[in-house]
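Hi everyone, thanks for making time. I'd like to walk you through one structure today, so please have a look at the screen.

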Amino acid sequence: MYNSLKRLTLLSAIGLMACSSSPTGRQQLLLFSDQDMSTLGAQSFEQMKQDQKISTNRKTNAYVQCVAKAVTSHVPAQAGFKDWEVVVFDSEQVNAFALPGGKIGVYTGLLDVAKNQDQLATVIGHEIAHVLADHSNERLSQSQLANAGLQITSAALGSSQYAQYQSATMAALGLGIQYGVLLPYGRTQESEADLVGLELMAKAGFDPTQSVELWKNMAKASGGSQPPELLSTHPSHSTRIQDLSAKIASLPNYNIKRPNCS
Ligand SMILES: [Zn+2]
């Protein structure tokens with residue numbers, strides 16, 4: 001009781017400066033500035049590039065870059081990231097991520113499940129949507145509140161102290177599976193990323209109905225010997241396909257022009 005009261009007091013103290021609303025109008029508590037989040041995203045991306053094998057396959061790189069570029073070119077300007085860096089990691093992992101600061105990582109294993117450019121655009125759009133909706137800021141803010149020992153400040157971000165916070169930060173950014181600290185996105189965040197991501201890929205000219213096929217493929221793959229890593233941080237819920245279908249039906253008439261990436 002005391003703890004929850006204390007937390008409430010803390011919440012109301014910071015609430016005034018930290019409250020924001022997500023793209024679907026949900027209230028969010030964000031304790032970090034966009035600049036802080038971009039710094040964390042860039043630092044974590046550098047770490048990933050050091051730790052993971054990068055694909056040198058020209059065709060695969062051209063394909064992923066083409067799909068990512070088509071999607072990122074429709075990210076609203078106010079998101080603040082003009083140039084997106086896209087890296088293809090050579091790994092059987094069925095996984096992908098996007099980070100604040102305009103960073104995208106795609107694992108070659110994802111291409112076995114996301115079977116065409118529309119399905120790959122679905123995943124990339126979904127990952128970018130997590131960034132646009134400030135989900136990692138929200139998750140990191142919650143960790144900071146839940147754990148008094150984790151006091152990440154702007155001053156710490158650029159310094160050698162960063163190492164202390166690395167695992168919590170990586171988890172909040174959705175990279176935890178690489179570093180053994182899993183923090184699955186919540187259902188609300190997943191739904192939000194599905195809807196915002198779908199709009200983004202549809203605007204880019206990809207076929208939104210393929211998003212349903214993507215999640216069906218993901219479900220199929222989860223019955224295999226190696227379930228997709230993506231599902232451990234992006235859990236699927238029973239109404240996901242239903243919700244996506246409803247959203248597809250309500251989309252304005254975007255032209256499916258497929259940027260011809262394959
Ligand atoms: Zn997700």
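One term before we start: a residue counts as buried when its relative accessible area is under 20%. Keep in mind, too, that this is a predicted model.

Let's begin with the metal. Which residues coordinate the zinc ion? They are His-126 and His-130, each through NE2, Glu-190 through OE, and His-234 through ND1, at 1.9 to 2.0 Å. The four donor atoms make angles of 95 to 119° with one another, and the site is tetrahedral. For comparison, the ideal angle for four tetrahedral donors is 109.5 degrees.

On to the nonpolar residues. The largest nonpolar core has 41 of them, and Leu-110, Leu-120, Ile-124, Ile-128 and Met-218 have the most contacts inside it. Beyond its sequence neighbours within four places, Met-218 touches Val-94, Leu-110, Val-113, Pro-228, Leu-230 and Leu-231. A separate core of 15 residues includes Met-48, Leu-99, Tyr-107 and Leu-173.

Last stop, the strands. In E3, residues 85-89, four of the five residues are buried. E3 runs parallel to E5, residues 103-107, and five bridges join them. Within that pairing, Val-87 has Gly-105 as its bridge partner.

Notes
Residues are numbered from 1 along each chain as its sequence is written. This is a predicted model: local features need pLDDT of at least 70, side-chain atom pairs count only at pLDDT 80 or more; totals for chains, interfaces and linings use all residues. Side-chain values use heavy atoms; hydrogens and water are left out. Donors are N, O and S atoms within 2.8 Å of the metal (3.2 Å for Na, K and Ca); water is not among the atoms, so sites may look incomplete. Four donors count as tetrahedral if all angles lie between 85 and 135 degrees; four count as square planar and six as octahedral if opposite donors are over 155 degrees apart and all others between 65 and 115; anything else is irregular. A nonpolar core is a set of buried Ala, Val, Leu, Ile, Met, Phe, Trp, Tyr and Cys residues joined through side-chain atoms within 4.5 Å. Buried means under 20% relative accessible area, exposed over 50%, partly exposed in between (1.4 Å probe, protein chains only). Contact means heavy atoms within 4.5 Å. Helices (H or I, at least four residues) and strands (E, at least two) are DSSP runs, numbered from the N terminus. Two strands pair if DSSP finds at least two bridges between them.
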